[in-house]
Amino acid sequence: MRKKRSLTEAIALVDANNFYASCEQSINPHLRNKPVVILSNNDGCIIARSPEARALKIKMGIPYFKVKERLNRLGVAVLSSNYSLYGDMSKRLMNLLKDYSEEIEIYSIDEAFVSVSRPENKNLHPWARKLRSLIYQNLGITLTIGIGENKVRAKIANNLAKNIDTSAGIFDLVRIENENNYLRGIPVHKVWGIGKQTSNWLQSKGIKNAEELRDMDENEIIRKLGIIGKRLQLELKGNKCLPIEKIKKQKKEIQISRSFGKPITKLEDLTQALAIYAIKASAKMRSQKLKSSAITVFARTSHYSTHSYQKSAYKKLINATDNTNTILKIVIALSKEIYNPEYKLSKAGVLMQDLTNNQYLQHSIINYESQENLKRSINLMTTIDSLNKKFNNKAITWAITKRSQEWAMKRNSLSFTSTTDIKKIPNIMT
Ligand SMILES: [Mg+2]
């Protein structure tokens, strides 16, 4: 028997449709109702498509150079990925969702689980319809909303909402008559939490869809998948086992890495790239109130290179830090350790490791920084961060970033307008 609680509290999986393409269409009216594709870093492959581009049967993941001519012929708008725009739109989306639900777990850049109470008549469609129009009005983004008693069933409902044309983007798995018919239509590998290996094992046992998985022998699942499998099956049956994880788990490390637009062969270029990543990583740590006590840098050649090389270097710190100056000194020294003039490096990165919350900092007795120095360092970094926040990351940076960056990522078709730069707000002509 289902618990009473599951009848009054619902979980919805809210997912933005064609998120990257929708963001671009939202800020640039010329792109609305037109086919749009977004390219990966260095303008390599197609990673997102608007519905209009999908309709033209343009494939996902295909290298850009292979379809460049065809896209041109079809009049498809081609854009480099603009992650600052997508990140900013995501933040706006999640803030609106927060106001419109009881609890929220941000699951990815364009997806969140939310919990809501069912009204007395149990009908959540009015809530979902309102949420969809609120987000469309504010952000120009269309949502798909799947509703269930728990996360696993909300995911299934979302899948159904996407694939059933008459659903109008909303599907409530709790309020349907013939649930088995729907669950039968969900292949087992589409059930949340079922990976490729598990799916192969289930297929070999003759379990092909969500209905069969729900009804299969519990002991067999437990023997193979343990408690995780049992929880998944219980959720399929309508019990609630997986809570909404409101607080983001503390990150174990922060990594900033990029592929270069052009391979690097000079030490000064590698050092400059790593320094820029270190500046970004340090700011990111401070924004999350973290400090690092170990730093790794790495560089490697392309995966396709016949003359391949990869190397990393690591430094453990005595005092955890979030100070960009300290981190830069270390990263610049480490870059010399991984540089090798014989190779064409195509990617490099920095990792901030052993992260701790900067509120509970333990100082080493051996190398105790004076309180005054520490205070000065905090003040300096806080000032830099707040100026950069105000002036869109352009106010203060380090001299090393200023030399020309020939290796920098190709972003030839970056969307002009952005929601993160006041100067780029579109003008309305009357
Ligand atoms: Mg999506």
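Start with an open sheet of 5 strands, in the order β5-β6-β1-β7-β8, with mixed pairing. β5 and β8 (170-172) are at the edges, each with a single partner strand, so one side of each has no neighbour in the sheet. Neighbouring strands here are turned by 20° against each other on average, direction ignored.

Some ground rules before I go on. This is a predicted model: local features need pLDDT of at least 70, side-chain atom pairs count only at pLDDT 80 or more, and totals for chains, interfaces and linings use all residues. Residues are numbered from 1 along each chain as its sequence is written.

Now the terms. Helices (H or I, at least four residues) and strands (E, at least two) are DSSP runs, numbered from the N terminus. Two strands pair if DSSP finds at least two bridges between them. Axes are lines fitted to C-alpha atoms, for helices over the stretch in contact, and angles run from 0 to 180 degrees between N-to-C directions. Residues are in contact if their C-beta atoms, placed from the backbone, lie within 7 Å.

Back to the sheet. How many bridges join β5 to β6? There are 5, between β5 (residues 103-108) and β6 (residues 111-117), and the two strands run antiparallel. A hairpin of 2 residues links β5 to β6. Two of the partners: Ile106 bridges to Ala112 in β6, and Glu103 bridges to Ser115 in β6.

Helices pack on this sheet. α5 (residues 83-99) touches β1 (9-16), β5 and β6, and its direction makes about 155° with that of β5. α7 touches β1, β6, β7 (143-148) and β8, and its direction makes about 135° with that of β7.

Next sheet. This one is open too, with 3 strands in the order β3-β2-β4 and mixed pairing. Its edge strands are β3 and β4 (77-80), each pairing on one side only. β2 and β4 run parallel, joined by 4 bridges. Within that sheet, Val36 stands opposite Ala77 in β4. Helix α2 (residues 19-27) packs on the sheet, touching β2, β3 and β4, and its direction makes about 115° with that of β2.

On to helix pairs. Two packed helices are described by the angle between their axes and the distance between the axes.

Take α7 again. α7 (residues 151-163) packs against α11 (residues 218-236) at about 60°, with the axes 7 Å apart. That makes α7 oblique to α11. For the angle classes: under 35 degrees is roughly parallel, over 145 roughly antiparallel, 65 to 115 roughly perpendicular, and the rest oblique. The crossing of α7 and α11 is right-handed. By handedness I mean this: left-handed if the near helix is turned anticlockwise from the far one by less than a right angle, right-handed if clockwise. At the contact, Lys151, Val152 and Arg153 in α7 meet Leu232, Glu235 and Leu236 in α11. That contact has 3 nonpolar, no polar and 3 charged residues. The classes: Ala, Val, Leu, Ile, Met, Phe, Trp, Tyr, Cys and Pro are nonpolar, Asp, Glu, Lys and Arg are charged, and the others, Gly among them, are polar.

Second pair. The axes of α12 (residues 267-287) and α13 (residues 324-338) come within 9 Å and cross at roughly 150°. α12 and α13 are therefore roughly antiparallel. Their crossing is right-handed. Residues of α12 in the contact include Leu267, Leu270 and Leu274, and those of α13 include Ile327, Leu328 and Val331. The contact of α12 with α13 divides into 10 nonpolar, 4 polar and 1 charged.

Finally, two residues. Is Leu345 buried or exposed? Leu345, in strand β12 (residues 345-357), is buried, with 25 C-beta neighbours inside 10 Å. The scale: buried means 20 or more other C-beta atoms within 10 Å, exposed 12 or fewer, partly exposed in between, with C-beta atoms placed from the backbone. Beyond four places in sequence, its contacts include Pro263, Ile264 and Leu270.

Ser40 sits in the loop between β2 (36-39) and β3 (46-49). Ser40 is partly exposed, with 16 other C-beta atoms within 10 Å. Not counting residues up to four places away, Ser40 touches Cys45, Ile47 and Ser81. The C-alpha atoms of Ser40 and Arg411 are 9.3 Å apart, though 371 residues separate them along the chain.

Technical notes. Contact = placed C-beta atoms within 7 Å.
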